[in-house]
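Biologist: I would like to learn how to read a model like this one. Could we begin with a single side chain and work outwards?

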Amino acid sequence: MTLTASRIEITPTEAALGAVITGFDVNSVEPEVILQLKQAWRSRHLLIFKNQILTDD
């Protein structure tokens, strides 16, 4: 089961916990995306964000 909101995809892992988040940019977060991430975190307890570029800021 993959949930899609605007540009992100939330795909549960095959393990008991966790979901992989793709299509998400940590530098620009929309309120509806935050809501979906919170819901995914509550149900899967571990979120893995793929392909992120983090800066010191």
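This is a predicted model: local features need pLDDT of at least 70, side-chain atom pairs count only at pLDDT 80 or more; totals for chains, interfaces and linings use all residues.

Biologist: Where does Arg44 lie, and is Arg44 buried or exposed?

Modeller: Arg44 belongs to helix H1. Arg44 is buried but makes no salt bridge. A salt bridge needs a side-chain nitrogen within 4 Å of a carboxyl oxygen, and the nearest side chain of opposite charge, that of Glu14, is 10 Å away.

Biologist: Which residues does Arg44 touch, leaving aside those up to four places away in sequence?

Modeller: On that count, Arg44 touches Pro12, Thr13, Ala15, Ala16, Leu17, Gly18 and Ala19.

Biologist: Which residues form the largest nonpolar core?

Modeller: A core is read as a set of buried nonpolar residues joined through side-chain atoms. Here the largest has nine residues: Ile8, Ile10, Ala19, Ile21, Phe24, Val33, Leu37, Ala40 and Leu47. Strand E2 (8–12), strand E3 (19–22) and helix H1 (31–44) each give two or more residues to this core. The most come from H1, which gives three. Ala40 touches Ile10, Leu47 and also His45, again without counting residues up to four places away in sequence.

Biologist: Where is His45, and what is its phi?

Modeller: His45 sits in the loop between H1 and strand E4 (47–49). Its phi is near 70 degrees, a positive value in a residue other than glycine. Asn51, in the segment after E4, also has a positive phi, near 55 degrees.

Biologist: Why does Asn51 count as exposed?

Modeller: Exposed means over 50% relative accessible area. Asn51 counts as exposed because its relative accessibility is 75%.

Note on methods:
Residues are numbered from 1 along each chain as its sequence is written. Side-chain values use heavy atoms; hydrogens and water are left out. A nonpolar core is a set of buried Ala, Val, Leu, Ile, Met, Phe, Trp, Tyr and Cys residues joined through side-chain atoms within 4.5 Å. Buried means under 20% relative accessible area, exposed over 50%, partly exposed in between (1.4 Å probe, protein chains only). Helices (H or I, at least four residues) and strands (E, at least two) are DSSP runs, numbered from the N terminus. Contact means heavy atoms within 4.5 Å. Lys and Arg count as positive and Asp and Glu as negative; His and the chain ends are not counted.
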